[in-house]
Amino acid sequence: METTVIVKTFHGLEHVLADELRAIGAKEVRVLKRAVSCKGDLVLVYRANYELRTALRVLIPIHAFEAANERAYYRAVREVEWNQYLDPSGTLAVDAVLSGGIFRHSHYMALLTKDAIVDYYRDRYARRPDVNTEAPHLRVHVRLHGSRCTLLLDSSGDSLHKRGYRRDTVEAPLNEVLAAGMILLSGWNDTGPFVDPMCGSGTLVIEAALLAAGLPPQIRRPSFGFFRWRNFDRKLWERIKSAADARARKPMFSIYASDKDARAHNATAINLLSAGIEEWVKLQKTPFEKLIPPTPAGVLMTNPPYDERLRTEDVAHFYKAVGDRLKKHWTGWTAWIISSNKDALNHLGLHAEQKITLYNGPLECAFQKFPLYVGSKRG
């Protein structure tokens with residue numbers, strides 16, 4: 001049976017996510033703010049959790065209503081037939097997000113929702129579900145916008161950026177979903193070599209290798225929220241997982257990771273092993289100013305490190321040196337660089353053909369494309 005599905009993502013990745021959803025059979029795909037809605041069945045829900053690279057959560061709306069006050073809200077939540085979704089002996093968690101002027105405290109509204117659900121069970125079964133915020137049988141998301149209220153079931157459990165391969169990290173790593181989105185935005189899909197010369201903990205190269213190899217991004221993840229649902233169809237899940245895993249292939253082009261920092265080099269090595277893709281990523285400990293471009297030309301993508309405590313001129317000098325190296329030694333390549341320091345990007349001395357605003361956690365970042373033609377210079 002088809003239902004509405006809401007898939008959450010980051011700002012700037014909505015259209016990429018919409019394309020991903022269409023590719024796995026979603027219908028009536030519609031781009032929202034930091035989300036995409038569509039129609040699909042249980043197959044789509046399972047595939048979306050396992051195969052989408054730019055999804056954060058896969059939510060199923062079950063009830064929408066108007067409520068002018070807290071009493072009306074409580075009654076409406078209590079009227080839902082919760083026994084369709086949760087056994088009385090199960091566990092429950094509730095998250096709430098609100099905007100508008102009627103309901104003002106998200107924590108309180110989450111507690112009120114939990115109370116209404118618990119009272120539903122107490123009235124009917126003389127017993128109540130327990131609260132488990134870590135791994136509940138049912139996680140309910142509440143969206144309140146003015147008087148408009150929507151209850152959604154979370155099929156994902158932990159956020160889908162938690163791929164399961166990150167075992168070590170360095171300061172300020174890229175979010176996995178953001179990294180995958182950057183790669184998809186660039187159009188790279190094993191269409192040439194891929195290089196991250198300042199790889200940090202290796203998120204970009206790992207996501208690139210997973211994409212190039214056709215491996216599901218969640219192949220290392222042990223469980224999802226829907227595993228604990230009453231209607232979980234294990235045989236269907238196993239068929240879907242097997243079909244997705246069977247599409248794996250050997251990448252055509254090499255992927256290169258490098259960093260001058262020993263800590264970053266070690267973190268990347270550990271994470272590559274954890275992801276099971278170490279054979280497809282060539283890792284070296286080399287500073288960017290000494291890195292030799294591989295052949296043929298391809299895509300260079302990186303999140304340059306910079307210390308916010310440095311003086312402005314030090315940051316400017318660092319980015320200028322990066323730009324000079326790109327112009328002199330990486331001709332024919334396309335560079336994609338993301339940074340939350342937009343002023344620093346201006347010191348690269350390169351003309352950005354494309355500029356995209358993305359967010360890494362709370363940080364607003366500029367993601368910019370620089371085709372490195374002969375004679376590339378600042379526009």
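This is a predicted model: local features need pLDDT of at least 70, side-chain atom pairs count only at pLDDT 80 or more; totals for chains, interfaces and linings use all residues.
Reader: At what angle do the axes of helix α3 and helix α4 cross?
Author: Helices here are DSSP runs of H or I with at least four residues, strands are runs of E with at least two, and both are numbered from the N terminus. Axes are lines fitted to C-alpha atoms, for helices over the stretch in contact, and angles run from 0 to 180 degrees between N-to-C directions. The axes of α3 (residues 70-78) and α4 (residues 106-125) come within 8 Å, and they cross at roughly 45°.

Reader: How are α3 and α4 set to each other?
Author: Angles under 35 degrees count as roughly parallel, over 145 as roughly antiparallel, 65 to 115 as roughly perpendicular and the rest as oblique. The α3 and α4 axes cross at roughly 45°. The two helices are therefore oblique.

Reader: What is the hand of the crossing of α3 and α4?
Author: A crossing is right-handed if the near helix is turned clockwise from the far one by less than a right angle, and left-handed if anticlockwise. The crossing of α3 and α4 is right-handed.

Reader: Which residues of α3 make the contact with α4?
Author: Contact means heavy atoms within 4.5 Å. On the α4 side, the residues include Tyr108, Leu112 and Tyr120. On the α3 side, they are Glu70, Tyr73, Tyr74, Val77 and Arg78.

Reader: How many polar residues are in the contact of α2 with α7?
Author: Helix α2 (residues 42-51) and helix α7 (residues 234-245) pack at about 45°, with axes 10 Å apart. The contact includes Tyr46 and Tyr50 of α2, and Trp237 and Ile240 of α7. Ala, Val, Leu, Ile, Met, Phe, Trp, Tyr, Cys and Pro count as nonpolar, Asp, Glu, Lys and Arg as charged, and the others, Gly among them, as polar. By class, the contact has eight nonpolar and four charged residues, and no polar ones.

Reader: How far apart are the axes of α5 and α6?
Author: α5 passes α6 in a right-handed crossing. Residues that meet there include Ala179 and Ile183 in α5, and Leu204 and Leu211 in α6. Helix α5 (residues 176-186) and helix α6 (residues 203-212) pack at about 60°, and their axes are 9 Å apart.

Reader: How much space lies in the largest cavity?
Author: On a 1 Å grid over the protein atoms alone, a cavity is a set of points where a 1.4 Å probe fits but cannot get out; a pocket is an open set with protein on both sides within 12 Å along at least five of seven lines; lining residues have an atom within 4 Å of a point. Grid points are joined across faces, edges and corners, and a volume is the space filled by probe spheres set on the points. The search finds one cavity of 30 Å³ or more. The largest cavity holds about 50 Å³.

Reader: Which residues closest to the centre line the second largest pocket?
Author: This pocket has a volume of about 570 Å³. Its lining has 17 residues, and the closest to its centre are Lys8, Lys33, Arg143, Leu144 and His145.

Reader: Which residue does a cis peptide bond join to Thr295?
Author: Most peptide bonds are trans. Here omega is about -5°, and the bond is cis.

Notes: Residues are numbered from 1 along each chain as its sequence is written. Side-chain values use heavy atoms; hydrogens and water are left out.
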